[in-house]
Amino acid sequence: MNQLMKFDYSNVLSFINENEMEFMQSIAKDASKLLRSGKGPGGENIGWLELPKKYNEDEFERIKATAKKIRKQAEILVVVGIGGSYLGSKAVIDFLKHNFSNKVVSEDGDNPQVLFAGNSISSTYLMDLVETLEISDFAVNIISKSGTTTEPAIAFRILRELLIKKYGEEGANERIYVTTDAKEGALKKEADNKQWETFVIPSDIGGRYSVLTAVGLLPIAASGASIDDLMEGAREAMVDLSTDTFEENDGIKYATLRNILYRKGKTIEILANYEPNLVYFSEWWKQLFGESEGKDKKGIYPATAAFSTDLHSIGQTIQDGMRNMFETIITIYHPRKSLSVPSQESDLDGLKYLENREVDYVNRKAFEGTLMAHVEGGVPNFIIEIENMQEKALGYMIYFFEYACGVSSYINGVNPFDQPGVESYKRNMFALLGKPGYENI
């Protein structure tokens with residue numbers, strides 16, 4: 001068992017029977033083999049599967065060098081992208097950074113604040129960002145395979161205009177970093193013409209599986225995190241998940257059991273955590289499973305919760321609502337920091353019994369008490385415990401979920417790597433906006 005991450009499914013076993021386990025294990029084994037073979041639907045997109053040991057080492061070193069350059073030239077790095085082009089890096093950076101990094105000086109003093117744009121079409125958000133950048137030195141990392149996706153394209157046009165206004169054409173070109181297709185697309189063409197520093201979105205890795213490519217690694221490295229350690233954690237997961245047997249592979253266990261629950265009417269999975277630093281990891285997970293599994297009128301609906309906060313809102317529904325859900329809980333064995341409940345003479349707040357206790361001890365008891373209540377209330381619970389809040393443990397967990405998602409999708413008979421439903425809103429939006437070619441929709 002790897003110490004970076006432990007998977008516990010003991011609080012699911014009372015909800016399933018032995019026959020279901022035997023039957024689904026066989027299907028899961030075949031699904032894992034199909035995933036590795038590249039012969040399943042979307043099999044041309046499994047470049048992420050062996051990425052931790054087969055990545056482009058030259059580009060990896062260039063990412064680190066460029067990140068160092070960005071740290072010297074900019075107070076703020078704006079990452080422009082949507083979906084998988086920003087969620088992975090946002091998840092990693094938020095997990096590793098100080099919760100109030102925009103208000104405190106970083107330990108080494110030279111890590112830029114990483115902000116994000118192009119993930120909405122909010123004029124208020126964009127104008128607030130422009131006003132912030134007008135008084136700050138900044139650089140831009142635009143991430144887009146085509147360069148024509150509406151949300152990031154609008155944001156990049158605005159930010160590029162501001163760069164030219166502040167630094168001139170030549171100065172702006174030195175502060176634009178592009179992650180795009182290796183050979184074609186509007187953004188690739190413009191990057192070549194302007195000689196912008198360019199990194200590659202691999203053709204065999206889709207957006208939601210791309211966090212360990214230049215898509216995620218450049219912003220992560222610019223934030224000051226160790227991408228070497230992140231990749232090492234993913235490599236350990238790749239080795240641990242290299243077998244196709246239920247007994248030896250936690251990814252297959254997770255994929256198998258969640259699909260048994262799905263077939264028993266548990267159609268909603270709640271990924272819950274007890275650390276605010278994991279909120280955007282949950283958002284990354286939600287896209288990974290939502291876009292991969294939710295198609296052909298089937299799939300487990302991915303929801304998220306931040307405990308103990310949400311125990312005072314949707315906790316009631318989880319405890320006493322419809323029994324159509326299960327939970328996957330992420331806990332951290334060693335939190336990054338610790339403190340104790342102070343002691344005082346009076347006991348007006350009723351905390352005398354907790355004086356001098358570690359706050360994390362209280363947090364863990366909240367987790368254990370909630371686990372007991374939810375399982376007793378008819379909600380199966382998986383537990384994923386990661387060793388600490390560092391890069392290696394996070395890299396391991398990222399790869400674990402990517403692999404389990406691929407296997408789970410094949411178990412359910414869907415292509416894990418396409419997203420046909422995403423295009424529907426775009427067609428309608430373009431028609432309403434009067435984009436040429438969409439008039440008759």
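A: A salt bridge here means a side-chain nitrogen of Lys or Arg within 4 Å of a carboxyl oxygen of Asp or Glu. Keep in mind that this is a predicted model. With that in hand, take a look at Arg160, Glu169, Glu190 and Lys194, which are linked in a network of salt bridges. One of its pairs is Arg160 with Glu169, where the closest N and O atoms sit 3.9 Å apart. Arg160 counts as buried, at 16% relative accessibility, while Glu169 is partly exposed, at 38%.

Another one joins Arg235 and Glu232, with 2.6 Å from N to O. Both of these residues belong to helix H9 (residues 227-240), and they are three residues apart, about one turn of the helix. Arg235 is partly exposed, with a relative accessible area of 24%, and Glu232 is partly exposed too, at 26%.

Now for a pair that reaches across the sequence. Asp418 and Lys295 form a salt bridge with their closest N and O atoms 2.8 Å apart. Asp418 lies in the loop between helix H14 (391-411) and H15, and Lys295 in the loop between H11 and strand S8 (301-306), so this pair ties together parts that are 123 residues apart in sequence. Here Lys295 is buried, with a relative accessible area of 9%, whereas Asp418 is partly exposed, at 28%.

Notes. Residues numbered from 1 in each chain as written. Predicted model: local features only at pLDDT ≥ 70, side-chain atom pairs only at ≥ 80, totals over all residues. Heavy atoms only, no water. Buried < 20%, exposed > 50% of the residue type's maximum accessible area, 1.4 Å probe, protein only. Helix = DSSP H or I, 4+ residues; strand = E, 2+ residues; numbered from the N terminus.
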